[in-house]
Each structure stands twice: as C-alpha cells, then as structure tokens.
Amino acid sequence: EVNPENFIKWTLPALHGSLDSFLFDVQANRIHPRFGMTPLAWERRLLLEFGSRSHRLVRVDSTFKLLTSPHAKVRPTRELDRRKGVYVDGRYYWNEKFATSTSKLCNVEVRIELWHASVIYVNFNGNWLIAQARDGSRLEGRFDREVEMMQREEARQLPSAAATDRKSIAHAMKKLRLLEPQHWDERLREQCMEEYLLYSKLGMTEALPAAVNARALEYDLGMPRTSDLALLTCIDKELGLVGCDVLAVDGQAEGNEEDQSARVSGPGHTDSEEEAVTDDDFL
C-alpha cells in the first residue's frame, strides 16, 4: 500500500511538458521584482546590448551526439576480427569495410547507440562507421535499455531456473536412472542369465518353489505372452466364430465339438460354466 509505483500519475513527457510550460511560458512572462520587466524582455535587451555570442552556443549536431554516446562496457575498445566483426555485449557487429583490415585482429574504439540496439559506432581507420548486428532481426526497433534489462532478467532467472529444475520430478527421475546399471551396460541381462544358470545347477537360486523365475533364461523378455491355444480361443469368441478348424491345434483336424471344447476349457468345464476371456487375462 505504500509502493509509489501504485500511485504513478505523471509520465516523463507529461512532467517535461509541465516544467517546460512553467519555466518558458508562465515564469518568463511574469514581471521580475529585480528587473522591473519580464525575464523574456530582459533577455532581449541583453542580446541588443552585448550580442548573441553564437560562438558560445553548443550545437546538438551529429558530431556532438556521436562523441557523447557512451563507450562499450568495461573498456572503450574492442578487438576487430576482419571475418566476424566486433564483439559487443554477446553479439557480433559487422560493416563491409572491416574486411579490408590489414591485420586479422586490431583494437578499435566502440560507442553504443542508445536508441537503436542493432547498431554501434566503430572508429575504423580514423573514420566512424556504423556496424550492424549480425542477428539484428531480433533487435530491430529495440532500444539499448530494453535489451540491457532483458539480459539482466535472463541472468536473474538462470539460478532460479536451475533450483527449480533440481526439485522437479523429471530431474529426480533422471537421477534415479543413473542408479540403474541396465541403462548403461547392454550385457547386464546376459551376465545375470549366466549367473542364474550356474547357481541353478548348484541349487542356490530361488528359496521357495513358488518364487521360481520361469523366464529367467529368456534374453529378450518383451511383452508378457500366453499360450497360443488360449489366444486362439479368445479371438474365436470375440469374432463369434465357433468352428472346429480354429481350435484344432493339437494335430487332430477331425473330431466333435465337445472334445475340442474340453481341450480348451480343461476337464470338468462345460459351455455354461466357461467364463469369458478378456484382454486383461493375457496382459
């Protein structure tokens, strides 16, 4: 409730316009008690008496704006690579005349253009040249202040992003994956099978018969499988094809339907007692 940003009403152009109007319109046309006239009239009188003295005026021309542009950070010079250009703030800037440099690397003075982030000024062979950013499409129309604040925000987000990633589920799964050697040793399954074969001959594998690993010596486990006969029975029931030829898998092509049902369902089962087989039974 005391944050001043929540109570901002004046923008910079509005504040400048208000002060400019007060200083050069309102105040300049009020009679000053010391002069007995307005400051504007007093200034006109001084110009008539002493002249304009134009030699003391500061002209805001291209030279003035160029020489008052700030240098690049840390140091005013940068190395010029005649193949890549000038590297400033993480980007290379290029001008066609850089290729005419007699040396592969040389130091040049660099100034930043505050109002156009995709260009800089380089003093090359005594002349100031405009160098364009090689990836200037991302910076086109941006101010240097905008790009600087963007880079600061990215730098602030890097540690927090790293801390968030360390606590993420994906990072935890990756760390667990590091503890699973089968991801890094392709022969692990084969080595375990060799050990199982050796220890099974010595009777030193599973402690209880119910815990026997029926697929211990299968190299490629893949998906769990079931018997072909039961799979054919499931397909036959789903399609509604009750035929003798589909179930005749024991080499007996001829026979009655009751015998084949008995082979499928097992002894002691009838058609009325037989339960429907679903996909879950095979998976």
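The following legends describe close-up views of a predicted model.

**Figure 1. Overall composition of the predicted model.** The protein comprises 283 residues, of which 17% are buried. Its secondary structure consists of 10 helices and 6 strands. Among contacts with a separation of 6 or more, 44% are between residues 24 or more positions apart.

**Figure 2. The largest nonpolar core, with 19 residues.** Val-86, Val-88, Phe-98, Val-110, Ile-120 and Val-122 are the residues with the most contacts inside this core. Two or more residues are given to the core by each of the following elements: strand S2 (85-88), strand S3 (91-94), strand S4 (105-112), strand S5 (119-124) and strand S6 (127-133). The surroundings of Val-122 illustrate the packing. When residues up to four places away in sequence are left aside, Val-122 touches Val-86, Phe-98, Val-108, Glu-109, Val-110, Asn-127, Trp-128, Leu-129 and Ala-131.

**Figure 3. The aromatic cluster of Trp-94, Phe-98 and Phe-124.** The count of aromatic pairs in the structure comes to 5. In one of these pairs, the ring centres of Trp-94 and Phe-98 are 5.8 Å apart and the planes stand at 85°, so the arrangement is edge-to-face. Trp-94 has a relative accessible area of 17% and is therefore buried. Phe-98 is likewise classed as buried, because its relative accessibility is 0%. Phe-98 is also among the residues with the most contacts inside the largest nonpolar core.

**Figure 4. The aromatic pair of Trp-115 and Phe-143.** The two rings are edge-to-face, with a centre-to-centre distance of 6.0 Å and an angle of 85° between the planes. This pair connects distant parts of the chain, 28 residues apart: Trp-115 belongs to the loop between S4 and S5, and Phe-143 to the loop between S6 and helix H4 (144-166). Trp-115 counts as exposed because its relative accessibility is 65%. Phe-143, at 39% relative accessibility, counts as partly exposed.

Figure 5. Ser-101 is buried, because its relative accessible area is 8%. Apart from residues up to four places away in sequence, Ser-101 touches Arg-82, Cys-106 and Phe-124. Of these contacts, Phe-124 is also a member of the aromatic cluster with Trp-94 and Phe-98.

**Figure 6. The salt bridge between Glu-49 and Arg-45.** The structure contains 7 salt bridges. In this one, the side chains of Glu-49 and Arg-45 meet at 3.1 Å, N to O. Both residues are in helix H2 (residues 39-50), where a spacing of 4 residues places Glu-49 and Arg-45 about one turn of the helix apart. Glu-49 is partly exposed, with a relative accessible area of 47%. Arg-45 is also partly exposed, with a value of 40%.

**Figure 7. The salt bridge between Glu-109 and Arg-111.** The closest N and O atoms of Glu-109 and Arg-111 are 3.4 Å apart. Arg-111 has a relative accessible area of 9% and is therefore buried, whereas Glu-109, at 24%, is partly exposed. Glu-109 is also one of the residues touched by Val-122.

**Figure 8. The salt-bridge network of Lys-73, Arg-145, Glu-148 and Arg-152.** Within this view, the side chains of Glu-148 and Arg-145 meet in a salt bridge of 3.9 Å, N to O. Glu-148 and Arg-145 are 3 residues apart in helix H4, so about one helical turn separates them. Glu-148 is buried, because its relative accessible area is 16%.

**Figure 9. A nonpolar surface patch of about 740 Å².** The patch is made by Trp-10, Leu-15, Leu-19, Phe-22, Leu-23, Phe-24 and Val-26. Of these residues, Leu-23 is located in helix H1 (residues 12-26). Leu-23 is partly exposed, as shown by a relative accessible area of 46%.

Terms used: Residues numbered from 1 in each chain as written. Predicted model: local features only at pLDDT ≥ 70, side-chain atom pairs only at ≥ 80, totals over all residues. Heavy atoms only, no water. Core = buried A, V, L, I, M, F, W, Y, C linked by side-chain atoms within 4.5 Å. Buried < 20%, exposed > 50% of the residue type's maximum accessible area, 1.4 Å probe, protein only. Contact = heavy atoms within 4.5 Å. Phe/Tyr/Trp six-rings, centres within 6.5 Å; stacked < 30°, edge-to-face > 60°. Patch = residues over 30% accessible without salt bridge, like charges linked within 9 Å, V, L, I, M, F, W, Y side chains within 5 Å. Areas by Shrake-Rupley, 256 points an atom, 1.4 Å probe, with all protein chains shown as cover. Salt bridge = Lys/Arg side-chain N within 4 Å of Asp/Glu carboxyl O.
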